[in-house]
Amino acid sequence: MNWYYIKKNEFFIKICGIIEKTLIKGYKMKNLLLLLLLLTSLFSKTIVVDDDYPKMCEHGDCKIGLFVCMAYYDYSSIKEALNNVSDGDVIKICPGSYNESNLIVNKNILIKSTHTSSIDDVVIYDSSNAPIFKIRGWRDGVEFNYFKIKQNKNNKTAIQIQYGTNYTFENLIIESKGRGIFQNGGSYQNSTFKNVSIESRLEGIDLKSPQNVTLKDMYVVSKKGMAFDFGSPTGSVTIDRQNKNNYFKGRKIALNLGNSSQNYTIRHSKIVSIRDDGINGAKANNLDIRDVEITASKGAGIYINTIKS
């Protein structure tokens, strides 16, 4: 009896073997399948990555509902962990430096550091033509929390996103000789950036089609490009503070609101442009700017071609 098509996981294969041996005569196969599907839906695991493997700062584990599995999920690299992850899993990274890139995220997961005193206790870096992280396909609920990313290759990207919803980028430091965060796909919805520091050569954050995006406690500096470039927003964008004011600085436009800005709120921010406008947009509908300091020595503080309200 082959259960690999139900769940490709050694733990489940062992469960299947035990259940198969203890089946009561006449027990219907469909009931067994339902039981296995229920176990699968309750299954989740925490994977731990440590560059000192097999010496681990802590161990991974797995759970079925409230029950803890007697198994460890420990790896020495982030790429190994991503190759063994499922929707809903957590990857925890121990303090250390990880020379890795082209890290493909194709599941809805949380990636975070273990409990450390400083965000840069975990550094993921490379000098790569590929992004350090590439989030592929439509994702729902991807979260990055509490680590540092360094892209040391000129004109390349630290984090590349295709499209999706309910992303969270929180407590991150990003240093890039290209773009910080770059979205190159379709709709990007219902997502949050919070306490993220980005220093980049090109655009700090470049989102093609943001919809219902919130940014708080941000520090974004672009040496050659724009701090933010919102291509064609289709929903609201809110920039505000929770614990500290935002700071945006670009050599070009600091905040590019895009071709069709809808329901923009910008508050508690300092905005600096070296050679262009502080805030620029082709069209704006329901634009709310308050408690904002803008410096634009060679352009307009705010330039909006058409404002509806």
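**The disulfide, and then the rings**

Modeller: Cys57 counts as partly exposed, with a relative accessibility of 41%. Please keep in mind throughout that this is a predicted model. The partner of Cys57 is Cys94, to which a disulfide joins it with an S to S distance of 1.9 Å, and since sulfur atoms within 2.5 Å make such a pair, the count for the structure comes to 1 disulfide. The torsion about the S-S bond of Cys57 and Cys94 is about -75 degrees, and therefore the disulfide is left-handed. Cys57 belongs to the loop between β1 and β2, whereas Cys94 belongs to the loop between β5 (90–93) and β6 (96–99), and the bond thus links distant parts of the chain, 37 residues apart.

The peptide bond leading from Tyr53 into Pro54 is cis, with omega near 10 degrees.

From here we can turn to the rings, where the structure holds 13 aromatic pairs. One of them is formed by Phe144 and Phe169, whose ring centres are 5.5 Å apart and whose planes make an angle of 85 degrees, an edge-to-face arrangement. Because Phe144 lies in strand β11 (residues 143–151) and Phe169 in strand β13 (residues 168–176), this pair ties together parts that are 25 residues apart in sequence. Buried means under 20% relative accessible area, so Phe144, at 0%, counts as buried, and so does Phe169, at 1%.

Phe169 also pairs with Phe193: the ring centres are 5.4 Å apart and the planes stand at 20 degrees, so this pair is stacked. Phe193 lies in strand β15 (residues 188–200) and Phe169 in strand β13, which means that the pair ties together parts that are 24 residues apart in sequence. Phe193, with a relative accessibility of 0%, is buried as well. Phe144, Phe169 and Phe193 belong to one aromatic cluster, whose other members are Phe133, Phe147, Tyr167 and Tyr188.

Strand β13, where Phe169 lies, is also the place of Asn171, a residue that has a positive phi of about 55 degrees although it is not a glycine. Asn171 counts as buried, with 16% relative accessibility. At a relative accessible area of 37%, Asn166 is partly exposed, in contrast to the buried Asn171.

The charged end of Arg179 sits over the ring of Phe182, at 4.3 Å from its centre, and Lys45 lies over the face of Tyr73, at 5.8 Å from the ring centre.

Terms used: Residues numbered from 1 in each chain as written. Predicted model: local features only at pLDDT ≥ 70, side-chain atom pairs only at ≥ 80, totals over all residues. Heavy atoms only, no water. Phe/Tyr/Trp six-rings, centres within 6.5 Å; stacked < 30°, edge-to-face > 60°. Helix = DSSP H or I, 4+ residues; strand = E, 2+ residues; numbered from the N terminus. Buried < 20%, exposed > 50% of the residue type's maximum accessible area, 1.4 Å probe, protein only. Lys NZ or Arg CZ within 6 Å of the ring centre and 35° of its normal.
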